[in-house]
Amino acid sequence: PNAVLTSPLSLEEESGTNYRAPNLLQRVVSLLTNVRPGSDLTRFQAMQLPPLFNIPKSQLQCYGESVYCTSNDMLSRCATGTSSVDRFTSVVAWSISTLRPLTFGVAPYNPILGETHHVSRGTLNVLVEQVSHHPPVSALHATNEEDNIETTWCHYAVPKFYGTSIETVVHGQKQLKLLSKDETYVMNSPKLVIRFFPIPSVDWLGNVTIRCEESGLEAELCYKGGSFLSRRANYRSIRGKITLLSSSKPIYEISGQWDRTVTVKDTTNGKLTVIYNAREVLSGLKTPTVKDSEGIWPSESAVVWGEVSRGILSKCWDKAKEAKKAIEEKEREFVRERESKGETWVPKHFRVSYSKETGWECSPNEKWVPPAPIVVPL
């Protein structure tokens with residue numbers, strides 16, 4: 001299979017290719033004129049965007065990149081902390097590192113059912129699969145046998161239109177297990193908010209809770225965007241605290257900007273420590289390369305969307321549009337085929353369940369993710 005791999009999302013000034021579409025605001029507004037405020041956009045047909053609105057990668061690749069594309073190994077650092085507090089602050093920093101600045105008006109492809117993305121970086125192996133299409137649910141499993149680390153995510157994003165903005169709530173949880181320490185960290189994701197007025201912008205906003213029952217620690221983080229009148233110093237700010245659950249007493253206060261630096265302040269002595277530096281972590285990111293073309297699955301994102309990406313990269317919009325239309329038609333055909341046979345889709349790599357109380361839950365079929373045919377150069 002012919003895979004097309006593109007540079008990872010990174011800090012704005014680093015992004016190699018600018019995919020901003022012309023007359024963007026007009027186009028987006030025209031797309032949304034027949035949607036009522038409060039509408040759930042998950043099944044809205046007009047959101048089948050023309051390729052002009054796409055960055056040349058799938059949403060699955062974006063999820064994967066947020067784990068395997070970092071300049072220094074944030075994940076391994078979580079396992080090496082000598083105390084539970086050290087490890088907890090490393091997990092908070094890692095959680096922040098999974099957020100990437102996004103560009104207004106362009107979006108990744110919506111993954112098709114059964115699509116996968118499988119990449120390795122050193123001893124870290126990452127596998128993402130689209131386990132449901134309506135509603136769209138993505139599952140991620142990443143393991144590092146050398147560091148005894150496992151992380152699983154189950155993501156179910158619900159976008160709603162509010163007249164001057166689209167707010168996407170990301171349901172589901174992320175779990176990070178430090179197996180040699182018998183510690184499990186559970187966390188949620190902030191909302192993704194796209195604003196059209198007064199200044200078009202894309203922000204991660206809202207509250208994130210990170211908890212580790214075994215160490216009795218909890219972090220509460222609040223992500224804030226910049227208002228029309230606010231100074232740059234307040235843009236993409238993050239505020240929060242790390243608390244001992246037994247006493248409800250904050251031991252650290254967290255502050256900074258998630259696209260610059262984040263510090264913790266020890267509440268006993270006022271000592272400030274930088275726990276996250278976005279420039280160090282998200283600069284000079286390397287594009288994954290194909291190590292074993294024979295080993296790539298036909299369901300791999302970089303293969304499924306290869307022709308569309310080639311069209312976008314060469315600005316051959318008609319070619320990209322045709323290729324995208326062919327994928328969407330094939331997807332609809334598979335749905336009709338399954339319905340006529342009364343078949344239910346079964347994911348290859350995850351067991352998936354849904355209940356009204358807990359929502360969507362995904363658990364991996366295998367204990368360890370195998371090494372991938374696509375690798376990130378170290």
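User: What makes Val 92 count as being in contact with Ile 210?

Analyst: In this predicted model, contact means heavy atoms within 4.5 Å. Leaving aside neighbours within four places in sequence, Val 92 is in contact with Ile 210, and also with Ala 219, Leu 221, Ile 242, Ile 254 and Ile 275.

User: Which residues touch the most other members of the largest nonpolar core?

Analyst: They are Phe 88, Val 92, Leu 176, Ile 210 and Tyr 276, in a core of 62 residues. Helix H4, residues 84–97, gives the most to this core, with six residues. A second, separate core has nine residues, including Ile 112, Trp 305, Ala 320 and Ala 323.

User: Why is Val 274 called exposed?

Analyst: The cut-off for exposed is over 50% relative accessible area. Val 274 has 51% relative accessibility, so Val 274 counts as exposed. Val 274 is found in strand S16, residues 272–277. Not counting residues up to four places away in sequence, Val 274 touches Val 262 and Thr 263.

User: Why is H7 called roughly antiparallel to H8?

Analyst: Helix H7 (residues 306–313) and helix H8 (residues 317–341) pack at an angle of about 160°, their axes 7 Å apart. Angles over 145 degrees count as roughly antiparallel, and therefore H7 is roughly antiparallel to H8. The crossing of the two helices is left-handed.

User: Which residues of H7 and H8 make the contact?

Analyst: H7 brings Glu 307, Val 308, Arg 310, Gly 311 and Ile 312. From H8 come Trp 317, Lys 319, Ala 320, Ala 323, Lys 324 and Ile 327. By class, this contact has six nonpolar, one polar and four charged residues.

Definitions and conventions. Residues are numbered from 1 along each chain as its sequence is written. This is a predicted model: local features need pLDDT of at least 70, side-chain atom pairs count only at pLDDT 80 or more; totals for chains, interfaces and linings use all residues. Side-chain values use heavy atoms; hydrogens and water are left out. Helices (H or I, at least four residues) and strands (E, at least two) are DSSP runs, numbered from the N terminus. Buried means under 20% relative accessible area, exposed over 50%, partly exposed in between (1.4 Å probe, protein chains only). A nonpolar core is a set of buried Ala, Val, Leu, Ile, Met, Phe, Trp, Tyr and Cys residues joined through side-chain atoms within 4.5 Å. Axes are lines fitted to C-alpha atoms, for helices over the stretch in contact, and angles run from 0 to 180 degrees between N-to-C directions. Angles under 35 degrees count as roughly parallel, over 145 as roughly antiparallel, 65 to 115 as roughly perpendicular and the rest as oblique. A crossing is left-handed if the near helix is turned anticlockwise from the far one by less than a right angle, and right-handed if clockwise. Ala, Val, Leu, Ile, Met, Phe, Trp, Tyr, Cys and Pro count as nonpolar, Asp, Glu, Lys and Arg as charged, and the others, Gly among them, as polar.
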